[in-house]
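Biologist: Before we use any terms for this structure, could you take me through them one by one and say what each rests on?

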Amino acid sequence: MTQAINKPIIQENALLDKFRNLTTEQQQTILDFVEFMDSKKHKLPENQAQEISAYDLAKEWAGSVESGIGDLSTNKKYLQGFGK
């Protein structure tokens, strides 16, 4: 039982030793890869993908641009013939 617990710790220490011996650029590459792998675990598998609306994709930008146009529903001329 002790070997099973110690083995991951030994592997982790060996990994850290090797990581520390890499150049800064190589370490950054490893970190980028780990972040990429971590982000993948939060995504749904293809067969469980949910439909996403255009609004869901763009909602963080909704209202971020001022068009200068007021509410068109209050413009009587705009509403002439609407629904005919």
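Modeller: The protein has four helices and zero strands, and from the N terminus on its elements run α-α-α-α. Helices (H or I, at least four residues) and strands (E, at least two) are DSSP runs numbered from the N terminus. This is a predicted model, in which local features need pLDDT of at least 70 and side-chain atom pairs count only at pLDDT 80 or more, while totals for chains, interfaces and linings use all residues. Residues are numbered from 1 along each chain as its sequence is written, and side-chain values use heavy atoms, with hydrogens and water left out.

Biologist: What makes D17 and R20 a salt bridge?

Modeller: The term asks for a side-chain nitrogen of Lys or Arg within 4 Å of a carboxyl oxygen of Asp or Glu. The closest N and O atoms of D17 and R20 are 3.6 Å apart, so the pair meets the cut-off of 4 Å. A search of the whole structure finds one salt bridge.

Biologist: Why are D17 and R20 separated by about one helical turn?

Modeller: That is because D17 and R20 are three residues apart in helix α1.

Biologist: Why is R20 called exposed, and why is D17 called partly exposed?

Modeller: Buried means under 20% relative accessible area, exposed over 50%, and partly exposed in between, with a 1.4 Å probe and protein chains only. R20 has 55% relative accessibility, so R20 counts as exposed, whereas D17, at 43%, counts as partly exposed. Of the 84 residues in the protein, buried residues make up 1%.

Biologist: Why does I30 count as partly exposed?

Modeller: I30, which is placed in helix α2 (residues 24-40), has 38% relative accessibility and therefore counts as partly exposed.

Biologist: How do you know which classes of residue line the largest pocket?

Modeller: Ala, Val, Leu, Ile, Met, Phe, Trp, Tyr, Cys and Pro count as nonpolar, Asp, Glu, Lys and Arg as charged, and the others, Gly among them, as polar. The lining consists of E12, L15, L16, K18, F19, L22, I30, L31 and V34, so by class it has seven nonpolar, no polar and two charged residues. The elements that give two or more residues to this lining are α1 (2-20) and α2, and the largest share, five residues, comes from α1.

Technical notes: 1 Å grid on protein atoms, 1.4 Å probe; cavity = no way out; pocket = protein on both sides within 12 Å on 5 of 7 lines; lining within 4 Å.
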